[in-house]
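Me: Hi! Could you take me through this model piece by piece?

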Amino acid sequence: MQAVTSAVSIDQDRLANASRHPESEALANFAVGDCSPGSASLLSRHVARCIACHRKLVQMGFPPADVAPARHGPWFALAAGLDAREVVGAAGIGEALYVVRARAGARISLRAALPVEEILVLDGSFAFETETFVQNDFEVVTDTADFTVVGDLQVGFTALVTTGQPDEDQIM
Ligand SMILES: [Zn+2]
């Protein structure tokens, strides 16, 4: 029998001190495979770099579902200062998974550009209202109308997001 701890391994070289973590319920659902493939992509990446959430998962005693390796579509301009590319084959029915990349200092209405539901910061950071989202921060953003963010003034940010399935003409 495979040890639970090996199912999601910690990436020691890339640990990040996130300030925003998935809810325990989301982690529990992820642990038993009861979440969409897109959400699982974000959560597995967060957990691999977050000792606190990794520990929670291990305490729950459930091996998380495997996440299929991803292919990426081409980069395309989504809005001024914002590029995106689809992660192909990693999302479930009715959702899509994108990597988004914002230029330094770009001010972006993220949910106006894409129907973002969850976000995981991969690199850089951004400001949202009075808060700063840093590397490995995970947040569900469906309660926010437009989620207007400002990319870090030096490096901008890169993030992995799940979305509802966008209209074709919205992303062209
Ligand atoms: Zn965490």
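**Notes on the model**

Reply: Happy to! Let's begin with Asn-136, which counts as buried, with 24 C-beta neighbours inside 10 Å. (Buried means 20 or more other C-beta atoms within 10 Å of the residue's own, exposed means 12 or fewer, and partly exposed is in between; C-beta atoms are placed from the backbone.) This is a predicted model, where local features need pLDDT of at least 70 and side-chain atom pairs count only at pLDDT 80 or more, while totals for chains, interfaces and linings use all residues. Residues are numbered from 1 along each chain as its sequence is written.

Me: Where is Asn-136, and what is its phi?

Reply: Asn-136 sits in the loop between β8 and β9. Its phi is positive, about 75°, although the residue is not a glycine.

Me: And Glu-129, is that one buried or exposed?

Reply: Glu-129 is exposed, with 10 other C-beta atoms within 10 Å. Its phi is also positive, near 50°, in a residue other than glycine. Glu-129 belongs to the loop between β7 and β8 (131–133).

Me: Let's zoom out. How many helices and strands does the protein chain have?

Reply: There are 4 helices and 11 strands. Both are DSSP runs numbered from the N terminus: helices are H or I with at least four residues, strands are E with at least two. Of the 172 residues in the protein chain, 38% are buried.

Me: What share of the contacts is between residues 24 or more positions apart?

Reply: Such residues account for 70% of the contacts with a separation of 6 or more. A contact here means that two C-beta atoms, placed from the backbone, lie within 7 Å.

Me: Where does pLDDT stay under 50?

Reply: That happens over residues 1–6, for which the model has 6 contacts beyond four places in sequence. pLDDT is the predictor's confidence in each residue, from 0 to 100. The protein chain averages 86, and 86% of the residues score at least 70. Where pLDDT is low, the predicted coordinates should not be read in detail.

Me: Good to know. On to the strands: what does β6 pair with?

Reply: β6 (residues 116–124) pairs in the antiparallel sense with β11 (residues 157–164) over 7 bridges. It also pairs antiparallel with β9 (residues 138–140), over 3 bridges. Pairing requires that DSSP finds at least two bridges between the strands.

Me: Which residues are the bridge partners of Glu-118?

Reply: In β11 the partner of Glu-118 is Thr-162, and in β9 it is Val-140.

Me: What about β10, which strands does that one join?

Reply: β10 (residues 148–151) pairs antiparallel with β5 (residues 107–109) over 3 bridges. Another 3 bridges join β10 to β7 (residues 126–128), and these two run antiparallel. In β10, Val-149 is the bridge partner of Ile-108, and Val-150 that of Ala-127.

Me: Now helices. Which residues of α3 are buried?

Reply: In α3 (residues 51–60) they are Cys-53, His-54 and Leu-57. They cover an arc of only 105° around the axis, which puts them on the same side of α3. The arc is that of the directions from the helix axis to the C-beta atoms. On the other side of α3, Ala-52 and Gln-59 are exposed.

Me: What do the buried residues of α3 pack against?

Reply: They pack against α1 (24–31) and α2 (37–48). Just after α3, Gly-61 takes a positive phi of about 80°.

Me: Which residues are buried in α1?

Reply: Leu-27, Phe-30 and Ala-31 are buried there. Their arc is only 100° around the axis, which puts them on the same side of α1. α2 and α3 are among what covers them.

Me: Last topic: which residues have the most contacts inside the largest nonpolar core?

Reply: Tyr-98, Val-100, Leu-114, Ala-159 and Val-161 do, in a core of 41 residues. (A nonpolar core is a set of buried Ala, Val, Leu, Ile, Met, Phe, Trp, Tyr and Cys residues joined through C-beta atoms within 7 Å.) The largest share, 5 residues, comes from β4 (residues 95–102). Domain 1 (4–60) and domain 2 (71–170) both give residues to this core, so it lies between them. The domain bounds come from an automatic or database assignment.

Me: And what is Tyr-98 in contact with?

Reply: Leaving aside neighbours within four places in sequence, Tyr-98 is in contact with Ala-84, Arg-85, Glu-86, Val-87, Leu-114, Val-161 and Thr-163.
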